[in-house]
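Have your viewer open and follow along.

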Amino acid sequence: MYKLWTPIFIFFLAYTTHAQFGPVIFIDFQTEQTIQQLACADFNNDGLNDILSANLKWPKDNMTWYLNQGNNQYLSESIPGADSLTELEMFDTGDINRDGWMDFIISSESPYKLTWFENIQGSFTPHVIDEELDFTTHVLLTDFNNDSLLDILSLQHTEIVVYLSTAPGIFGSPFVIHGGTEFYAIDAADYNGDGYQDVSVASGGFEVLLNDSTGHFTLQSQQGLGLDFALQSGDLDGDTDVDIVVYRSLSGLLFYANDGSGNFEFQDTVLASTDIFRSYSLEDLNCDGSLDLYTSIPQQGKMILIENDGLGHFSAPVLLHQQPGELVSAVSTGDLNDDEVTDVLWGNFSLGAQLNECTSVAVDQSAPFEYMVNVYPNPAQNYFVIENNSQGPFSTSIYDQTGRATKLDMIIHPLDSRNVELTYPGLYFVTVHDPTGRLLSVRKVVVQSR
């Protein structure tokens, strides 16, 4: 049964202090359950990003789908098959069977199992991937062997497990790529620039495992002392290497810079704090082409933005909203109103969002005039074209919103062009460098569902 939610706009000046973001839009009030995780994706292929919510409610947990109707209105539905879960852990979204419809996968307890919810033209059908697991807590979808099929990365307390896809929607036997004493969170990104997704894991400090492209992973580096309970990846200092921000207990959010080979060195403290940061996102939220940090401080019910100057230097936290009396632990980002700008949302007993009103991506104005770059069409569907209308060659690389490299160092000669096809929809950045490696410009491209 769908429920239509009419937006409620809150103009509490004391709680919303950043003029770039609009007033809080309350999408839902869930007084009997708490939101554990949020994600944005277009689940019904209408061109608008919807919201998927994981909710904790004793004795059974559930997943809720909020269909974006435009004009800040949403229809909510509890997803059949995911409306009576025993101890829901985490989920991730992606087109697992490559049919053009966005699916999701969840990990749950009692018994521990991984379940793929196949999206069949707007209706979800569950398929159990594995139910012979040991304390599975996190799950991610990514392509480890560059076959355009999403593989599964699973964190099972003391082991990291991979399920390689053998065909759309079909997975091979799981295999352990790393073991340890206790793991708390995982992420995947290309940390050494070879075009293949690697793995990072939060534990006592954090560890990085490099992918040799055949499904074998080697421990590359271990960094930090203390307990790391979360980590996120992205290029924070503008050098095209994927860096890491970890949440370290009693220390706060810490930035570790990548040397390009998957070795990391502590660079700076993004936010020194003894608070607990359960989730955070690295996204360009002020439209300057660099990744900022959006998170909540659950104990204070605060949603904050920490801006990045593009070189890995971070501002003091800016308060976007405060929700009194709620331990807001789930945050996410996504374009909710189809204006090609990333918005913010959060949830606990209530689900709220703020629309981002920034308007442009900064371009290096010092770039010589003879470097003329054209990127079209935008938005794109099957492919887009990068066109060199200048008198000299340049190299171009493409990164997604988390800083993960999709294409690296493509040389485009004068008066030539390159067609670029990307498998997954989303917002991408096209960087253009001259032959000396100097960054000339950054272009933003939206890839829509086919």
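Predicted model: local features only at pLDDT ≥ 70, side-chain atom pairs only at ≥ 80, totals over all residues.

Start with β24 and strand β25 (residues 292-297): the two run antiparallel and are joined by 4 bridges. Two strands count as paired here if DSSP finds at least two bridges between them, and the numbering comes from DSSP runs counted from the N terminus, with helices being H or I of at least four residues and strands E of at least two.

Residues are numbered from 1 along each chain as its sequence is written, and side-chain values use heavy atoms, with hydrogens and water left out.

Zoom out and you get an open sheet of 4 strands, in the order β24-β25-β26-β27, with antiparallel pairing. β24 (280-283) and β27 (318-322) stand at the edges with a single partner strand each, so one side of each has no neighbour in the sheet. On average, neighbouring strands of this sheet are turned by 20° against each other, direction ignored (axes are lines fitted to C-alpha atoms, for helices over the stretch in contact, and angles run from 0 to 180 degrees between N-to-C directions).

Now for the sulfurs. A disulfide is a pair of cysteine sulfur atoms within 2.5 Å, and by this rule the count comes to 1. Cys 287 and Cys 358 make that link, with S to S at 1.9 Å; it is right-handed, with 50° about the S-S bond. Cys 287 lies in the loop between β24 and β25, and Cys 358 in the loop between β30 (350-354) and β31 (373-376), so the pair ties together parts that are 71 residues apart in sequence. Cys 287 is buried at 7% relative accessible area, and Cys 358 is buried at 12% (buried means under 20%, exposed over 50%, partly exposed in between, with a 1.4 Å probe and protein chains only).

What about Cys 40? Its sulfur is 16 Å from the closest cysteine sulfur, in Cys 358, which is too far for a bond. Cys 40 counts as buried too, at 17% relative accessibility.

Cys 40 also leads us to Asp 50, whose contacts (heavy atoms within 4.5 Å) include Cys 40, Phe 43 and Trp 65. Asp 50 sits in strand β5 (residues 50-56) and is buried at 0% relative accessibility. Its side chain reaches the backbone nitrogen of Phe 43 at 2.8 Å.

Terms used. Polar contact = N/O pair within 3.5 Å; in protein donor to acceptor, adjacent residues only side chain to side chain. Lists of a residue's contacts leave out its neighbours within four places in sequence.
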